[in-house]
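Please give me a guided tour of this structure, one selection at a time. I have it open in a viewer and would like to know what to select next and what is there.

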Amino acid sequence: MTEPEGANKAVQQLYAIAEEIYDELKGGQIPKMKIPLRTKANIRFDPKHSVWKYGKLTGVRSAKKMKGALMLLRTMYVLDFIRDMINQSKSSTLREMYYISEGWDLAKFHSQDESNLLAEDLEVVTALMREDFKLRPEESGASVIGNLTIEEITRNGERRRINCRDDVGDAGYTIPYNVEKEKVKLRSADAKFVLAIETGGMFDRLVENGFDEDAKCILVHLKGQPSRSTRRLLKRLNEELKLQVATYTDGDPWSFRIHASVAYGAIKTAHISEFLATPTAEFVGVTASDIMNYQLPTDVLTPRDIGALNAELSDPRFATEFWRTEINAMLQLNKKAEQQALAKYGLDYVTDTYLPEKLGEIGLM
Amino acid sequence: MPSISIAEELAKKQREISISEFFERNKQILGYDSPTKALLTVVKELCENSLDACEDAGILPDVSVSIQKSGKDEFLVAAEDNGPGIVKKEVANVFGRLLYGSRFHVLAQKRGQQGIGVSGAILYGQTTTGKPTRIRSRPAEMDVAYEVDLIIDIRRNRPSIQKEDFVAWDKPHGTRVEIPLKSRYVTGKQSPFEYLKATAIVNPHARITYLPPEGEPIVFERVTEELPPKTVEIKPHPYGIELGTFLAMAKETKSYKLSAFLAEEFSRISARVAKEICEKAGVPPEMKPKSLDLQEVKAILDAIKEVKIMAPSTDCLSPIGEKLIKKGLKNVLGALKPEFFSPPLTRDPVVWQGNPFQIEVGIVYGGDLPPDQPVDVLRFANRVPLLYQAGACAITQAVQSVDWRRYGLEQRGGEGLPYGPAIILVHVGSVKVPYTSEAKEAVASIPEIMEEIDLALKECGRRLKTHLTKKARRAKTREKFDIVQRILPKIAEKSAKIVGKKVPNLDATVTKIMGVIWIEEAIAYDAKAKKHTVTIDLHNFTSAGKKFNLHALLPRSAKLGAVDPKPKEVRDDGKVTWELKRINSVEKGTVTIELLALDKEEYDESELYVSGVSPELVIGAEPLPGDWELEYAEFEEAGEAPPPEEDEGEIDYDETEEVLEDD
């Protein structure tokens, strides 16, 4: 979306939301907003894009209840704030908006999660992106190392070519929050696939062992649950440079969700799954089978872990033979393991044995 | 259970054994089985002795109990009262002889009757420390106090005076007893503090001061000037009399004829009834009671069961009373700021085996009481706190068998001690409380008593539940009130700003959200003028104007000051009625009442009722009960229902958020 067009559309849409509330009040009704439910019960597989998107279930945010009334009031403040920013050609980070709400009296947000969720609500309702509302996230700090050449428009408007192996330090190229074409162009890559890694410790291990060159791959550090821009970059690497993506994570329920958000689409952002998810991504992270086969050092599952695994059993994204088997096996085992547990067999074991075996299974090595 | 104490019985049987041996053998039933318990028993004997002395003399008790550490494992317990005092020649006998001047044979609702009382405490003190007890007493007619150090000569059961003197005492009358003893001091549930605190709750007419071994003195102030009514002594009722007791009475009686014996020594037996009993039993009425044999006595007891005899009079009971239970609880537990004192309940007296008994229950809820602990059950028998043997006690068992989940407390599986921020007080009053053992630590689980406690607990529980339901409904309405007062106007203002139009009128939306008449009161108290000012706001948040009647039930002891608007009717029973002017939609009416001559805590919530309006439209007042004559105009244009609570099939978006941990 180009600037003025997006901004224009955003202003119109925001006006429409406020107008609906206003009209309800004027007509003596209880003001409310209809919003698609953002729950696992309301995600459906979209065969066109092979990703999971919101279904048709909607919920109502009504001024009848305190929570709903407060969110509607906040919505009005956020609309007013965004409109001012658009008019003044400014933008703010989500965190800044959270702090600005300090001055909103009753409408002030109590946590940044609350303000982030509201920004997403607006996206879902208007079918626009938060960037259209002049709201942006902070850099997540995720990074890339490998023989990939990109061209980034810097803050001075200068085009800069960067090779993510030769032009960067050991920490790699930091993924900016905006990785759309107008900011980052993917020029070329000399690699067979992309390996997306959950933890910084493992990313550093693979960098130190020179795995990117040995296995001819691009290493992407996810930094836990990956941000939108990281997922968007993975998607573009896959689509534009035709690179296969594999996720390499810990072996616990939270890591399974990391893979799900990369490959199937996250529940929270299911309205834009087709932009963020890479349906062909493969999972090479630690599984319950790996824990047994490689006899990895483990931790006992916490009650929270068990709850998360059980929740995944009723999550449609995990309703496949592979995931059911692995999730049930992990529940039965009552154990979880970190990816770095492989160091039990030495620092090179992961690059010499584990990854070649796992990647070999899916034909990437 | 025999009517004479086992202690006496034992003492008689064991005349040849030394009194100290008797004491040693019966330590458990006398309350001296452990050093910790001994300290509490000594405090208890002294405190009860003082309260009894004051009440018998018609004096409002002012009792001070102190515990001082006087050596390793040694304490000095002192109790001082403002009782009538004891004349010099009686002091040594009253305190220095076991089983002297005790209350055996008397059937009246009295404290203690533990058997050997203060002299037992003195004996325990001297056997554990070898030291004498010091007593100081001054009757009002004396100018000075008599002070004596004495020990009990245990072989002769006589006081042995170690030292005596007359001393000046600034107290006009009263008694002070100081007992040294070996013991262990503990805090917690079975501590002297808990005992005195509980005693203060059920004796609101007493001022009780406690000076613990460490820390500041604690004073439980007196909250009423009313002494409990004097207990009346009654003769045993024939129902429930036991064979042994009957035999003993027949042996001791001064009557020469059986019929006279029955009529004179038992309550509710007239000459006619006595004759009927004798006839049924086939025993001649002229027979000498002393010469009755066992067969004849059995026949008489069987005959008694078949003859209709009036229930015993119940005026021998002295319940604490609903008003004073509430006062006592408030006084002692007020610091915990409980949100609710369930109106206490005094059941009508009931007779069990010829003995009247009466159950009283009070519940305290909320405030700073711990919400996640089992509730505290305060057990009392004849105004004496029971601190031991909770599990064996009818009171605890009755509490455990009520399904408290119905009354708003948590309880696993609907039985056992409930959890929640509550204290439950149960008082069993009787001329003869059936205890599980002579130690008198727990009330026996007699079905009739259990049932009475059960009924009282449930009634009190319902009052608690009503309060909690009202509170929940009020909280919900208060939330809506906040929405329409504070949030809705801002939504309107902001949305109007964004769309660039003028702020809409919100009345219709407000009534849609609220849909009720909300009655809210504020009570202010002016201590100097002893005046409560009650302001009642009536917000009409329904869509139409409303005209209805408001009724308030005011305490009879209150005098009405200025009342605005003028009530339609003020009745002698305290009921005041207003025929209010029409209150338009989204407007409010106000009623103010001044109440004079009440203490602050005597009025903290109005009992409000409405009539002439659909009661489900009203929050903050109850519908006028049907049995209060309804001579007031019925205004309500029939059939307005409050708005439905939930729109069917609509999912509340803000209640569905899962923990979305996938960014």
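Which residue forms a salt bridge with A:E213, and how far apart are the closest N and O atoms? Select A:E213 and A:R165: these two form the salt bridge, and their closest N and O atoms are 4.0 Å apart. A salt bridge here is a side-chain nitrogen of Lys or Arg within 4 Å of a carboxyl oxygen of Asp or Glu. A:E213 sits in helix α6 (residues 211–214) of chain A and A:R165 in the loop between β9 (159–163) and β10 (173–174) of chain A, so the pair ties together parts that are 48 residues apart in sequence. Helices (H or I, at least four residues) and strands (E, at least two) are DSSP runs, numbered from the N terminus. A:R165 has a relative accessible area of 31% and is partly exposed; buried means under 20%, exposed over 50%, and partly exposed in between (1.4 Å probe, protein chains only).

Some ground rules come before the next stop. This is a predicted model, in which local features need pLDDT of at least 70, side-chain atom pairs count only at pLDDT 80 or more, and totals for chains, interfaces and linings use all residues. Residues are numbered from 1 along each chain as its sequence is written, chains are lettered from A and ligands numbered from 1 in the order in which they are written, and side-chain values use heavy atoms, with hydrogens and water left out.

**Stop 1: A:E114 and A:R74**

Select A:E114 and A:R74, whose side chains meet in a salt bridge with an N to O distance of 3.7 Å. A:E114 belongs to helix α4 of chain A and A:R74 to helix α2 of chain A, and the pair links distant parts of the chain, 40 residues apart. Is each of them buried or partly exposed? A:E114 is partly exposed at 22% relative accessibility, while A:R74 is buried at 2%.

**Stop 2: the end of helix α11**

Select A:A311, which lies in helix α11 (residues 303–313) of chain A. A:A311 is partly exposed, with 23% relative accessibility. Leaving out residues up to four places away in sequence, A:A311 touches A:K40 and A:R257; contact means heavy atoms within 4.5 Å. A:A311 and A:K40 are 271 residues apart along the chain, yet their C-alpha atoms are separated by 9.3 Å.

Now select A:D315, in the loop between α11 and α12 (321–333) of chain A. A:D315 is buried, at 5% relative accessible area.

**Stop 3: where chain A meets chain B**

Show both chains. How many residues does each chain give to the contact? Chain A gives 56 residues and chain B gives 41 residues. Together the chains bury about 4,500 Å², 60% of it on carbon and sulfur atoms; buried area is the accessible area (1.4 Å probe) that two parts lose on being put together, summed over both. On the side of chain A, select A:Y22, A:L25 and A:K64, which lose the most area to chain B, together 16% of what that side buries.

There are 5 salt bridges between chain A and chain B. To see a salt bridge between A:D80 and B:K497, select both residues: the closest N and O atoms are 2.7 Å apart. On the side of chain A that touches chain B, the elements giving two or more residues include α1 (3–26), β1 (32–36) and α2 (66–87) of chain A. The largest share of that side, 13 residues, comes from α2(A).

**Stop 4: helix α7 of chain B**

Select residues 192–202 of chain B, helix α7: 9 of its 11 residues are buried, so it is largely enclosed by the rest of the structure. Among the buried residues are B:P192, B:Y195 and B:K197. B:K197 forms a salt bridge with B:E194, with the closest N and O atoms 3.6 Å apart. These two are 3 residues apart in helix α7 of chain B, about one helical turn.

**Last stop: confidence**

Chain B averages 85, and 89% of the residues score at least 70. Over residues 101–106 of chain B, pLDDT stays under 50.

Technical notes. pLDDT is the predictor's confidence in each residue, from 0 to 100.
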